[in-house]
Amino acid sequence: MKTLPRALPPGLLTVGAVCCSVFAWASAFVSIRSAGAAYSPGALALGRLLAASLVLVVLLLLRREGLPPRGARRGVLVSGIVWFAGYTVALNWGERLVDAGTASLLVNTGPILMALLAARLLGEALPPRLLAGMAVSFAGAVVVGLSMSSGGDGSTSLLGVALCLLAAVAYATGVVVQKPALSFGTPLQITAYSCLVGAVACLPFTGRLVAEIPRAPLSATLNMVYLGVVPTALAFTTWTYALARMPAGKLGATTYAVPAIVVLLSWILLGEVPAWLTLLGGLLCLAGVAVSRSRPRARRDPAVRADGAAPGAPATPGR
């Protein structure tokens, strides 16, 4: 008799979803370099969200999932405007005014804000291991940011800094607002309709997008489509799947692996050999994620022996 294959454990599926999101978002930084050179921040955001919306609507139709329940609509609306639209435009704009190192450093304040907001608004705990892991990862992000900073004449755009910080706040707010909505709707519903809201919010940039598409090289347009399909449609769906199954603060800490993966992808795909300081920062980021994801060892009660007998009692013979 042929046995049916066992379903994958839920914990393994959650870890896989987290890894998919982190790797996809890391690849987005490489693609944004190409697309951002040909498209303005608002046009790039609109094109990315339109491509993502098309994929997500097709998935909704295939799975026959309708509108999100009433209880999820506030979260969908806020996360769509703040995270999908606001974060994308602010980050695209900010990266034009500050170097990549400074931008990555500022955006990496997002997981810290997320953990604090989740503790304040959702009542999530802040275990010592999570705080310690985030501190180690943020130190690694600082090292990566400093090693990648161009320096130049030493001047930094205050507007660029403000935009990157705004992107971090939008990212943290969007995740925390999205968490309660997942109690009512499916991950696909929440992602798809949040993306559609974000695309509608970016419609004022339609004229820019239409004017820039004919002048943009094919590689930039393909990168824009890739940003919509993989880092947005796919990665945001796997992210919401994981968010429905674990605390927002703990999940946010996993995104500290993104700078390390960006360094690795830039090395492999772009031939950009990282400095030893950049590698050190990447290792610190990964170490911090490992610490934040670790679980404390269960303490064994000294009054009970390994065989279940009280101290001093004769050992039970083996069978």
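Predicted model: local features only at pLDDT ≥ 70, side-chain atom pairs only at ≥ 80, totals over all residues.

Biologist: Good to know. How many helices and strands are in the protein chain?
Modeller: The protein chain has 13 helices and 0 strands. Both are DSSP runs numbered from the N terminus, where helices are H or I with at least four residues and strands are E with at least two.

Biologist: And how much of the protein chain counts as buried?
Modeller: Of its 319 residues, 46% count as buried. The chain exposes about 16500 Å², and carbon and sulfur atoms supply 69% of that. Those areas come from the Shrake-Rupley method with a 1.4 Å probe, and for residues only the protein chains shown count as cover.

Biologist: What about the largest nonpolar core, which residues have the most contacts inside it?
Modeller: Those are Trp-83, Tyr-87, Val-175 and Trp-239, in a core of 75 residues. Helix α1 (residues 10-35) gives the most to this core, with 10 residues. A nonpolar core here is a set of buried Ala, Val, Leu, Ile, Met, Phe, Trp, Tyr and Cys residues joined through side-chain atoms within 4.5 Å.

Biologist: Which residues is Trp-239 in contact with?
Modeller: Leaving aside neighbours within four places in sequence, its contacts include Trp-25, Trp-83, Tyr-171, Val-175 and Leu-251. Contact means heavy atoms within 4.5 Å.

Biologist: I see lots of rings in there. How many aromatic pairs does a search of the whole structure find?
Modeller: It finds 9 aromatic pairs. In one of them, the ring centres of Trp-83 and Tyr-171 are 6.0 Å apart with planes at 45 degrees, so the pair is tilted. Rings of Phe, Tyr and Trp (its six-membered ring) pair if their centres lie within 6.5 Å; planes under 30 degrees apart count as stacked, over 60 as edge-to-face and the rest as tilted.

Biologist: Where do Trp-83 and Tyr-171 lie?
Modeller: Trp-83 lies in helix α3 (residues 70-97) and Tyr-171 in helix α7, so the pair ties together parts that are 88 residues apart in sequence. Both residues are buried.

Biologist: Back to Phe-84, then: what does it form with Phe-236?
Modeller: Phe-84 and Phe-236 form a tilted aromatic pair, 4.5 Å centre to centre with 40 degrees between the planes. This pair links distant parts of the chain, as Phe-84 is in helix α3 and Phe-236 is in helix α10 (residues 218-243), 152 residues apart. Phe-236 is buried too, at 6% relative accessibility.

Biologist: Which residues form the aromatic cluster?
Modeller: Trp-25, Trp-83, Phe-84, Tyr-87, Tyr-171, Phe-236 and Trp-239 form one cluster.

Biologist: Changing topic to charges: how many salt bridges does the count come to?
Modeller: The count comes to 1 salt bridge. The side chains of Glu-65 and Arg-63 meet there, at 3.0 Å from N to O. The rule asks for a side-chain nitrogen of Lys or Arg within 4 Å of a carboxyl oxygen of Asp or Glu.

Biologist: Why would side chains like that pair up?
Modeller: Side chains of opposite charge can pair when their charged atoms come close. Here Glu-65 is buried, with a relative accessible area of 15%, whereas Arg-63 counts as exposed at 57%.

Definitions and conventions
Residues numbered from 1 in each chain as written. Heavy atoms only, no water. Buried < 20%, exposed > 50% of the residue type's maximum accessible area, 1.4 Å probe, protein only.
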